[in-house]
Amino acid sequence: DLPIWAEVINDCLIDCRPAHIDAFIDLLIKLFEQEILHNQRGKFVDIVVQHLADGLNDSCVDCPMIVQYVAKLLVALCMQQYMPLDAAYNCFRSPHLSKIIHFSIDECKQLGCAQSVAMISNLNKHAV
């Protein structure tokens, strides 16, 4: 199931209109709430998040906003504690990691999550 979800989530992030990205992320949160999606044994991170990371170069060609969308998704899932922050961000490498961290910090500031800003900022110290 998760490899299929990885493709679906990636395609939706690429094709989603900017006005609908929050609704799409809310849908994914609801799927986690209903336990249709889960990160048992780290599988969501290992399969879905890693798929997003591996395809980011190609996805950027089709959707220049994809890095920002992925950052919003990571923040939403990590803040709801559906996946650990460090494991999720460790899937990404330069040059995308610093951009994802930057957009994640912006998202956390908009949401008023000072603790998350501090945690994500700490990840930025290790970004190469």
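Student: How many aromatic pairs does a search of the whole structure find?

Tutor: Two aromatic pairs turn up in this predicted model.

Student: How should I read such a pair?

Tutor: In general, a pair of aromatic rings is described by how far apart the centres are and by the angle of the planes. Here, Phe32 and Phe44 lie 5.0 Å centre to centre, with 75° between the planes. Planes over 60 degrees apart count as edge-to-face, so that is the class of the Phe32 and Phe44 pair.

Student: Which helices does the pair link?

Tutor: Phe32 sits in helix α2 and Phe44 in helix α3 (residues 43–54). The two residues are twelve apart, and the pair links distant parts of the chain.

Student: Let's stay with α2. At what angle do α2 and α5 pack?

Tutor: The angle is about 35°, and the axes are 10 Å apart. The crossing of these two helices is right-handed.

Student: Which residues of α2 and α5 meet there?

Tutor: From α2 come Ile21, Asp22, Ile25, Leu28, Ile29 and Phe32; from α5 come Tyr69, Lys72, Leu73, Ala76 and Leu77. By class, that contact has nine nonpolar residues, two charged and no polar ones.

Student: And the largest pocket: which helices supply at least two residues of its lining?

Tutor: They are α2 (21–33), α5 (66–79) and α7 (96–111). The pocket holds about 190 Å³ of space. Its lining residues include Asp22, Ile25, Lys72, Ala76, Glu107 and Leu111.

Student: How do the lining residues divide by class?

Tutor: Six are nonpolar, one is polar and four are charged.

Definitions and conventions. Residues numbered from 1 in each chain as written. Predicted model: local features only at pLDDT ≥ 70, side-chain atom pairs only at ≥ 80, totals over all residues. Heavy atoms only, no water. 1 Å grid on protein atoms, 1.4 Å probe; cavity = no way out; pocket = protein on both sides within 12 Å on 5 of 7 lines; lining within 4 Å. Points joined across faces, edges and corners; volume = space filled by probe spheres on them. Helix = DSSP H or I, 4+ residues; strand = E, 2+ residues; numbered from the N terminus. Nonpolar A, V, L, I, M, F, W, Y, C, P; charged D, E, K, R; others polar. Axes fitted to C-alpha atoms, helices over the stretch in contact; angles between N-to-C directions. Left-handed = near helix turned anticlockwise from the far one by under 90°. Contact = heavy atoms within 4.5 Å. Phe/Tyr/Trp six-rings, centres within 6.5 Å; stacked < 30°, edge-to-face > 60°.
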